[in-house]
There are 2 protein chains.
Amino acid sequence: MAKQETKKAIIREGAQLIHSKGFNNTGIQEILQAVGVPKGSFYFYFKNKEDFGLQIVDYFEQTMLRVAETYLTDRDLPPLMRMKNFFNAYRTHFEKTGCRQGCPIGNLTQEMSDLSEVFRKRIASIYRRITTNIETCIRDAQVRGDIALTLNSKDVADFILDSWEGAIMRMKLDKTTRPLSLFEKYLFDTLLASYPGNAGHTGTY
Amino acid sequence: MAKQETKKAIIREGAQLIHSKGFNNTGIQEILQAVGVPKGSFYFYFKNKEDFGLQIVDYFEQTMLRVAETYLTDRDLPPLMRMKNFFNAYRTHFEKTGCRQGCPIGNLTQEMSDLSEVFRKRIASIYRRITTNIETCIRDAQVRGDIALTLNSKDVADFILDSWEGAIMRMKLDKTTRPLSLFEKYLFDTLLASYPGNAGHTGTY
């Protein structure tokens, strides 16, 4: 394999193992072994395990933002429909994969927030980027009159992302997508439908 | 120290380290060293690391259920006030402790759900017990007419616990209790206040 290909293979395999087992619980040796790369070559590609971990975070971010942007910025659809499609796409994915692994960003949040300031700040920036995509949908929906203008778009976007991460965690625990369905139900039927001052759900999504 | 005292000290210290660093990331050796117990004695108290881990889970469960039951089953107060006090007590605790560590049960959910069926089932039972306490408050509030009878008490209790765990995770990431405040705001001002068919918030909490 060419150097860049080998590095990519190490990152892909590392991402897979870290997503399943956690960062500190995954050994560099087992990643290299899975890729079929000799022991000594890790430091040729990465400065140290932290440098490697941050590149794994980049990889997770790219994957998640690609999905978020595909669904949440699709201007051909009404904003609440975009959000429905986004959460539905992940629920379908988790149904297919046996409710395993959960959210790679959520997992690292839980594991690394108190262990490394570098990781914590890096992960927090990913949360902010995804929140911004959700916030844009909320504001678009407000402009269309689909949800109340009294709703603080930033606050509700944060609450939505946090609740969704909590639902994914429970899904991983109970091995059922029921928590994701409940999240979607209360999000669309209550929080975004009947906020005080809201004229009510317009039925456009 | 007497045998039982030593075992308790190992569990207390182990719980502290696991809460901070995770189960797989905590070495038996560092726990014993912190307690001042000789290396070889661990297997006198515990069958293996899994047995030890499950006793740590018991310890976390006792702590969390004690808090949950103190607040959520206080029949002298209206049910929504009990819930407010419960979430407020944790928010105050996290404010005092710098938003560190998060929920020990949530942490283990994230870390262990895919790694050990024994842990997964044990942790799931704790979630169920706490959900039951919340569900009882919801039903009591329905009997009083504080929230709509159309609300499914089990579903909403699960959603509340999951969202709260997600908020704690975000708090641990951003090092601010803002996610907990947002959770409380949307829970009490929207979800439990304006569910379709609800006559409205009675102001009794």
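By what turn and what shift along the axis can chain B be laid on chain A?

**View 1. Chain B laid on chain A in the predicted model.** Residues are numbered from 1 along each chain as its sequence is written, and chains are lettered from A in the order in which they are written.

**View 2. The contact of chain B with chain A.** Each residue pair in contact has C-beta atoms, placed from the backbone, within 7 Å. Chain B gives 43 residues and chain A gives 43 residues. On the side of chain B, the elements with two or more residues include helix H1 (3-21) and helix H7 (117-144) (helices are DSSP runs of H or I, at least four residues, numbered from the N terminus). H8(B) supplies the largest share, 14 residues. The copies meet through the same surface, because 100% of the interface residues of chain B are also interface residues in chain A.

**View 3. Domain 1 and domain 2 of chain A.** Domain 1 covers 1-46 and domain 2 covers 48-191, with bounds from an automatic or database domain assignment. Their centres, taken over C-alpha atoms, are separated by 27 Å. The contact takes 11 residues from domain 1 and 15 residues from domain 2. Helix H1 (residues 3-21) of chain A gives six residues, the largest share of the domain 1 side.

Methods: This is a predicted model: local features need pLDDT of at least 70, side-chain atom pairs count only at pLDDT 80 or more; totals for chains, interfaces and linings use all residues. Copies are superposed by least squares on the C-alpha atoms of residues with pLDDT of at least 70 in both. Two residues are in contact if their C-beta atoms, placed from the backbone, lie within 7 Å.
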